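Here are a few notes to read alongside the model.

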Amino acid sequence: MRARAVVGGIVSSIAVLVIGWQLGGQPAVTAPSQSTTSGSSASGSGSSGSGSSGSTASGTGGSSVSGTFTGDATQTRYGPVQVRITVAGGKITDVTALQLTDHDGRSVQISQQAAPILRQEALAAQSASIQAVSGATFTSEGYTTSLQSAIDKAGL
Amino acid sequence: MIDTARPTAHPLAAAPATEPLAVAARRRDRSRRRRSATTDLLGIFAWISAAVAVALWLASPGSHSVVGIGGWLTDAGIVAGLIATDLVLVMLVLAARVPLVDRTFGQDTAIAVHRSLGKPVLYLLLAHGALLTLGYGASAGTGPIAETIALFSTPDMPLAYLGLGLFVAVVVSSLVAVRRRLPYEAWHVIHLLSYAAVLVALPHMLSAGSVLAAGTWQRAYWIALYVLALGLIAVYRFAVPFVVTVRHRIRVVGVEPIAPGVVSIHLAGRDLDRLGARGGQYGVWRFWTATTWWYAHPVSFSAVPGRDRARITVRDLGAGSSRLGRIRPGAFVSLEGPYGLFTSRARTAPYLALVASGIGITPVRALLEDTDLRPGEATVLLRGSDAQQQYLWRETADLAATTGSRLFAMVGHRARSRATWMPEEDLRRGVTLLSVFPRLLESDLYVCGPRAWSDLVVREARLAGVPEHQIHQERFES
């Protein structure tokens, strides 16, 4: 009786873990190229979903918004967060973190870990509606807030 | 002789006394299978709850980008923390006295599982702290001590360390060796700190961790788990006992000394038959007098409650219960319960063997009263250390006579010569469980008495080959 519960528990737990691993293994955001400056290739490989949102935005705000736009600095409990976006042809081609949470050693470390993930998510989503990074909740929130203000300034 | 409550007809006890053996056997077999399946299912749910917690973390962004040894340590620490938190919530559910749990495997088994989880959870929590400190330290290139200082200056982390300290205190105070030296009240107060520990650990899960980050599945899942665990505690430990107490308005109507240090407390209330108490169950009683209100006593019903009367019988086993003898009639009583699987509902075999020692007779007597028995179906063995310890023997003998059950008595202190549950004299005469209960292997064996004694009875039954599901044990510390 106990054995049945233990075996059943282990088997079903492993199944659940494998599903979780698979879901995490295929990141919800398909990251474009890793290189930062090659704007043309990044926009070229942008997913179709983000492409359609870009086109509707360009329809209202002019077809070829380009340049860099700096978001407002957002205060978090671990320090300010500020990002700058690079836009080419109405698409976000790069996100640079100007300031990240630096309250203490741990915060700096979290920021360094989270920033590349947040950048990839933002590039893939072409918006500020991205998922928070595990273990970096406040950094993520500050990042998305600053990112949104940058996107607003760009009029995307 | 004693104003005993009358047995009542339970709507659920549909089996009439004339139920054919084969039908009864089928019904019991079905009920046992159902309980066993539900027990396993609940166990599997507990496993899955931890697995889902880890799986959701695995599915979240960032969990797969493990960098270096520090990353591995950090991830191991996060997983340890997730599993530990889940198990803490499982422990809360086990201690919540949920009716489904009590009906399927019994509240005492639930508490046994709760206890067995205590130390593993503490180790996981310590590992969570240690692994994350080492992992962060390895990633940042600082030592563990410098990293600990850094963590202390992180918001919410001092509270998390406080929570860890509280968990350590709760588990240490519950270690057998420590708990034996502590007064019950001290242990209880320390144990209540586990609620505080759960709550002060929450902020760092919000800020340092991200399990509650807005808009994630993890947030929905963990909120659901917390609501479930704390909700079950609130409902079944507080709301339901409160409603029961208010609805039935139980009062003491008489305290009757039946032997030195043993009293029967006669209670009156409204619709006590609708408490649903079955013979062999117990309640956790609190008597609202100046000297007794702070201590709740787990005590068995010594008779099946009638419409407006109930009776419990208590021996002064602890500091609190000796004051019960001085309770005045009219005292207000609050009740949590009834609880327990020491009832005919748990039966799995065609015959019934009841063994009681000392004050352990109370649930056995009520069980005998509440069971529909064919003549010759039940055999009762009563044991007392001396002539004074024959509590309720007369009425038990009357019940045995009316139900056509056989009754044996065994009087005398336990033999010192070896580990046995019998007096020297019976040991010499060659008495065994099988000689008292010739149909032991086809019987449900119900044993109630002091822990050391009843463990010895059960050990002999196991050696004789009684299947585990036929053994029903209710123990108390003596």
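1. Before we talk about how far apart the domains lie, one term: the domain bounds used here come from an automatic or database domain assignment. Please also keep in mind that this is a predicted model. For chain B, the assignment gives domain 1 (26–235), domain 2 (249–339) and domain 3 (344–476).

2. How far apart are the centres of domain 2 and domain 3 of chain B? Taken over C-alpha atoms, 24 Å separate the two centres. The two domains of chain B do touch: 16 residues of domain 2 are in contact with 14 residues of domain 3.

3. Now for the chain as a whole. Chain B has 15 helices and 11 strands, and its C-alpha atoms fill a box of roughly 80 × 50 × 50 Å along the principal axes. Of the 478 residues in chain B, 43% are buried. Among contacts in chain B with a separation of 6 or more, 74% link residues 24 or more positions apart.

4. In chain B, 5 strands form an open sheet with parallel pairing, in the order 9-8-7-10-11. Strand 9 (406–411) and strand 11 (471–476) of chain B are the edge strands, each pairing on one side only. On average, neighbouring strands of this sheet are turned by 10° against each other, direction ignored.

5. What is the sense of the pairing between strand 8 and strand 9 of chain B, and over how many bridges does it run? Strand 8 (residues 378–384) and strand 9 of chain B pair in the parallel sense over 6 bridges.

6. Helix 12 (residues 393–403) of chain B lies across strand 8 and strand 9 of chain B, at about 170° to strand 8. Helix 15 (residues 451–464) of chain B also packs on the sheet, where it touches strand 7 (351–357), strand 10 (443–450) and strand 11 of chain B. The direction of helix 15 of chain B makes about 155° with that of strand 10 of chain B.

Notes. Residues numbered from 1 in each chain as written. Chains lettered and ligands numbered in written order. Predicted model: local features only at pLDDT ≥ 70, side-chain atom pairs only at ≥ 80, totals over all residues. Pairing = 2+ DSSP bridges. Helix = DSSP H or I, 4+ residues; strand = E, 2+ residues; numbered from the N terminus. Axes fitted to C-alpha atoms, helices over the stretch in contact; angles between N-to-C directions. Contact = placed C-beta atoms within 7 Å. Buried ≥ 20, exposed ≤ 12 C-beta atoms within 10 Å, placed from the backbone.
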